[in-house]
Each structure stands twice: as structure tokens, then as C-alpha cells.
Amino acid sequence: MQLAENLVIVESPAKAKTIEKYLGKKFKVVASMGHVRDLPRSQMGVDTENDFDPRYITIRGKGPIVQELKKHAKRAKHVYLASDPDREGEAIAWHLAHILNIDEQADSRVVFNEITKDAVKESFKHPRKIEQNLVDAQQARRVLDRLVGYNISPVLWKKVKKGLSAGRVQSVALKLIIDREEEINAFKPEEYWTIDGLFEFKNKQFKAKFLHEQNKPKKLKQERDVKAIVSQLKSDQFKVTDVTKKEKLRNPAQPFTTSSLQQEAARKLNFKARKTMMLAQQLYEGIDLKKQGTVGLITYMRTDSTRISDTAKNEAASYIEAQYGKEYLSKRKGKSGGTQDAHEAVRPTSVLRTPNEMKPFLSRDQLRLYKLIWERFMASQMAAAVIDTVSVDLVQDNIKFRANGQTVKFKGFMSVYIEGQDEESDEGENKLPLLSVGDDVKAVNIDENQHFTQPPPRYTEARLVKTLEEKGIGRPSTYAPTLDTIQKRNYVKVDQKKFYPTELGIIVNESVKEYFPEIIDIDFTVNMETLLDKIASGDMDWKKVIATFYGDFKTHVERAESEMEKIEIKDEPAGEDCEKCGSPMVYKMGRYGKFMACSNFPDCRNTKAIVKTIGVPCPKCKDGEVVERKSKKNRIFYGCNNFPECDYLSWDKPIARNCPKCETQLVERKKGKQTQVVCTNCDYDEKPQ
């Protein structure tokens, strides 16, 4: 068997298969299956007494892979390390160089931002040395996270409960969710009113809102404020006193970064961050297009950059001009750069591979994500939309109403794609009749509407990812595993796509807050990311950064071990007896939350799920608590725990606040895919979430 002259090592078999087809017979491409070396799982693996030297070992189960790699490397004339173009990929290349005795100063590192024939072949013309600064930044993050996890977690195991963990980013994410829950619980709605008018001009009706009294803004806090305004209206006739027309440009969103891709896929496709990254990886590593061969359909999906290569811009411009016309081409100057900047935005590797053409080769979810990436990129290279806006003032004596209208004059990028929103927007089209100063309009109806301010919304995955990124906490590549971890540990639960903290999450957060304040301090976490970036750019020594952090942190650990009282999550009496042995049943805290168990354990191992209380007193008998139950058809409903003495029942979930309007029970009612808080007695409702 003839041996290949060149060995190429990548992370995954899919990537290996794609690249081998491009490089020809002189190249053998094999996969390392991700990292081959790491810190040991059974111990700290960091010598805190000796300059924080990490002790790397071959990852359990990777022995045969390492042997196979050594065998191939021994026979090859040249070994290329072609792991992903980021810090993690650089670290994998460095570990492989150590294991395979490859000179770190040799030009063995090859990086490409997309897995297409041209990009891969071009990158092999420019191999480089391993960038030690990038490796050091990854080592610093790994060591830092190990020091935090392996010091705090045992304290939590000892003082709170086995199986718990704390980490830099996960602890901050948990704190954000708990802080938001506290804001919601402490929220007190404030009353305000609006006066909404329906007007008519030449048989065309349009809406306007009260704006000014005597040319001054007037706050309508109570009903009497509204009555004072409405009582001044003597007739249904209003005069147009001002018409302001403007042309507004609306620019498209930038092409995707890792974070914005995760957010938009959550909003538009209902994908969890983990699923988005898994599908993006598949699209990046290569899809078999039958006669065309295997091709990577998107660029590398872990990036903070919105930069686009000039080649990609030119290809997109040609396509837009051919498909839509020259007027649809973008006139904006975006970020561009030479080939030395490996990090581009997430984009299709060729716009000519349209979602429609790729449909036969992709799974349903792969196609949905590819379509999102393709459309977002195309829109980013297109002309701004032109929107005509008109503002009309309608006046009767001292009272002014204003009508705002907008129409899309030129769709531009909106022909292809419009970015999703976390909150409802009032930006839809609203056509007003053609009005001029001096025109008389008739008020068909004047509505007085009572409103209440709304509590801040709970975090969804998209909203939490956006907040983490805006605050500079962690890196987009860490968000998916972070959100997974806090759910697996039962620190939070997800209901209707929204995060709620659990009792266990609150206990862990309190413990970390008291004894390890820097771990959940947002400024500290953001500063640490800045330091990691400085290590990557060669401006800081990674061991000095770790040493500075560890000095104070070690003191906190020692204090927690000696001072933190053991938190007993006591077995609460369940108020009923075991049907098997007659002993009292108790509530216990398990990995997945509370459950009911026999107090005669281990002699009796009877357990059962508990009726879930929702923290709301029964609105009917005032004595019991509302609990979640399931019907025979497995549908959730809510009832009083004093049943059958109290027969309160509700299909909608009651909440702990009463209606600010009539003091009756508020409930959460499903409205399609959203939930809306409504009153069970009057017309009060809140914005759907």
C-alpha cells in the first residue's frame, strides 16, 4: 500500500472526508475526534504551588486514536494540523504537536474559514507556525475554569448537596435569571391612560392618539386626567394643523455572528442554542451534494466578526443585480479586510447555492437554518428599504391628537429578509388618507383606555444570549453549553420557553454570592474576558493573570470551607402516610427537583411524584394553596389542595399578583405560542410573551 506523503489532521470524520476529496492522492486526512489531551477529570490537574503548570493527560478512551495518529505521522513526510480557526482549534493543534513530536516552530498549521475546494487548496499554500498566544489564551480559560469548578463544587457538595457545580459563566447566567425573577416579584404596576381616536376623512378611517393640551405634553395617570381632556371636546370636528412628511431609510441587519445566529434561530425557528450549533457544524463541515461532491455550505460558525470577504461581497452583488436589479445593491461601505483575517461573519460559502437548490440534500432543520443564514447574508448586502413616514396633527381648540403613518416606498433588503424581534413592534405599515393643512376631519369615536405598566419579561434563550453578549460575559461559543448546564443541574426550569429559577438554583446562588462574590460579579467576569483577549494578542502573560485571580480566590475558598454552614435541605413532612407501610411521607430534593418518599427508607423504598404547588393561595377558600394537577388525558389544570372541601378549578395558571384594576385573580392564558396574563373578572390584560 502506497503511503501518502502528507498527513492532515482535523477534528471530525465529516471534515476529514470533505477535505480529502479536495487534496488528492498525496494527502491522507484523519480525524482526532476533537481534543486528545486535557486536564484529568479525577483531580485538579493544575499545580497551584508551581506557577500553575497544567498537567495534561490523554483523554480517557482516546488512546487508540492517539496510537493511530502516531502511526500515520511516523510514515508521513509532512504533518499538517488543520483544526478549526479559533483558540480552541489552535490549542488542539498544539496538543497534537506535543503528542506527535512535531516542532512547534515548523510551518505545520493550516487554517481555513470555509470548507470549499478553493479555500482549502489556497490555505495549504500558506501553512504557518502554531500561534502560542492563542494557545495560551485557551489554556488560561481552561485553567481558570478548572480552578473555579474544582474549588467551589466540592464546597457545595459538602455544604449543600452532592452533584452541584459552579462555574464562571454559568453562575452569572443563573444570577441574571434569579435577579429577573426578583424584579418581577417586586414589580408594582402603575396605572396610566391613553385617549385613542378613530377619525374619518373622505370616507377613509384612520387612528390617532391624544398628544397635547395647549401644546404641552400631558401625562394621563388617572381616569380624572382623561375626563378633564375629553370634557373639553365640544364637537366631532377637528382641523389638520400640521402635516410632516419624511423619507426614512431602514438598513438591513449585519450578517450573523455566533451570538446573533443563536438568537435569531431561537426567535424564528424555535431552536435551542445547542441545536443551532450542532446543525451549523454539519453545514460547515460538509454536505454531500451528489454530483457536485461534498461541500461546506457555510463559513466557520464560531465568530464575533461581521466582516465579509471581498470575494463573497462581489459574488453577492452579481447575484443581487441579476435577480433583483441594480437599485437593490447596497450603497453602504461595510467592513472588509484582506485574507489575513480568518474570521468572517457566518455566511453561505456561495450565494449561488440557494436554499431551494440545496433542499434535496439537506434535512428539514438543516435547510431551515441554511435558509436563515443565506437570507440574512443576502439582505446584509442589499440596499436599505425606503419608508415614507407622515405625521398629522389634528386640533380642536386646545386639544391635539397625532396620527402617524408609514408606507414602504422601496422594499430593498426587505424583499429577502426582516430581522426577528424579542418585543412586539409597532413598525407595521399604516396608511393615512391624503391630508393637507386646513382639512377638516371627523372624530368617529374617542376611546378612553386604562393601562398598567408591565413587569420586565423573563429570559428566553434568545434574550439571555443577547444579554450575556451585550454585557460581555463569556464567549458566544460557550453559551450553548452554559444554558445546558444550568438546566441539567436543575438550577432553572424552562416553561413556555422562559427560564424560571428553582429552589435549588436560589440556594446555590445565595451560597456563591456570600462566599465567592467575584464569580457572580458581572464586572469581574467581563474584565476576565478582556484579560483573556489580551493574552491572545500577546499583551499579557497568562500565568500572571491566573496568579492575580487565584490569590484572593484561594482565601475565599478557605473561608467558605471553615465558615459556610451546612445547608440542610430538610425532608418536609408531606402530610400523608405511605400507602405501602403506613409511615409518614416526606418531601425530598432530588436531582430533578422535589419528590415524595417514605420516611421509613431504606426499609421502604416507596416514592411518588408530588403535587406541584405554584406559590399562589387559593382565590376561593383563601385557606388552601393552588396546585398543579393532571387530567386523565394528561392535560395540566389547577385546583385547590383542600379538594374536595374546596372545589376551585382552573385550566389557566393562576399567578401571585391580583388584577390592579379590580383586585381579582390574574391567570396566564395560552395565546397560540405565547402566554398572556389576563384578569378572570374584567378586561385587564398584559402584553403576550
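Predicted model: local features only at pLDDT ≥ 70, side-chain atom pairs only at ≥ 80, totals over all residues.

Student: In what order do the three strands of the open sheet stand?

Tutor: Strands of a sheet pair through backbone hydrogen bonds, either parallel or antiparallel. Strands here are DSSP runs (E, at least two residues), and helices are runs of H or I with at least four, numbered from the N terminus. Two strands pair if DSSP finds at least two bridges between them. In this case the order is β2-β1-β7, with parallel pairing.

Student: Which strands stand at the edges?

Tutor: β2 (27–31) and β7 (78–81) do. Each has a single partner strand, so one side of each lacks a neighbour in the sheet. From one strand to the next, the twist averages 20°. Angles run from 0 to 180 degrees between N-to-C directions, and axes are lines fitted to C-alpha atoms, for helices over the stretch in contact.

Student: How many bridges join β1 and β2?

Tutor: Five, in the parallel sense, with β1 spanning residues 6–10. One example: V8 has V29 of β2 as its bridge partner.

Student: Which helices go with these strands?

Tutor: Contact means heavy atoms within 4.5 Å. Helix α1 (residues 13–23) packs on the sheet and touches β1 and β2, its direction making about 170° with that of β2. Helix α2 (residues 63–75) lies across β1, β2 and β7, at about 165° to β2.

Student: Which residues of α1 are buried?

Tutor: Buried means under 20% relative accessible area; exposed is over 50%, and partly exposed is in between (1.4 Å probe, protein chains only). In α1 the buried ones are K15, A16, T18, I19, Y22 and L23. They pack against β1, β2, α4 (117–123), α9 and β13 (294–295). Just after α1, G24 has a positive phi of about 90°.

Student: At what angle do helices α8 and α9 cross?

Tutor: Roughly 115°, and the axes of α8 (residues 258–269) and α9 (residues 273–285) come within 9 Å. T258, L261, Q262 and A265 of α8 meet A273, T276, M277 and A280 of α9. Sorted by type, these residues are five nonpolar, three polar and no charged. Ala, Val, Leu, Ile, Met, Phe, Trp, Tyr, Cys and Pro count as nonpolar, Asp, Glu, Lys and Arg as charged, and the others, Gly among them, as polar.

Student: Is Q263 buried or exposed?

Tutor: Q263 is in α8. Its relative accessible area is 6%, so Q263 is buried. Beyond four places in sequence, Q263 touches A462, V465, K466 and E469.

Student: Which side chain makes a polar contact with that of Q263?

Tutor: A polar contact is a pair of N or O atoms within 3.5 Å; within protein, one must be able to donate a hydrogen and the other to accept it, and residues adjacent in sequence count only if both atoms are side-chain atoms. For Q263, the partner is the side chain of S259, at 2.9 Å.

Student: Why does S650 count as buried?

Tutor: S650 counts as buried because its relative accessibility is 13%. S650 lies in strand β26 (residues 649–650). A polar atom of its side chain lies 2.6 Å from the backbone oxygen of D652.

Student: And where is K400?

Tutor: K400 is in strand β15 (residues 399–410). With 11% relative accessibility, K400 is buried too.

Technical notes
Residues numbered from 1 in each chain as written. Heavy atoms only, no water.
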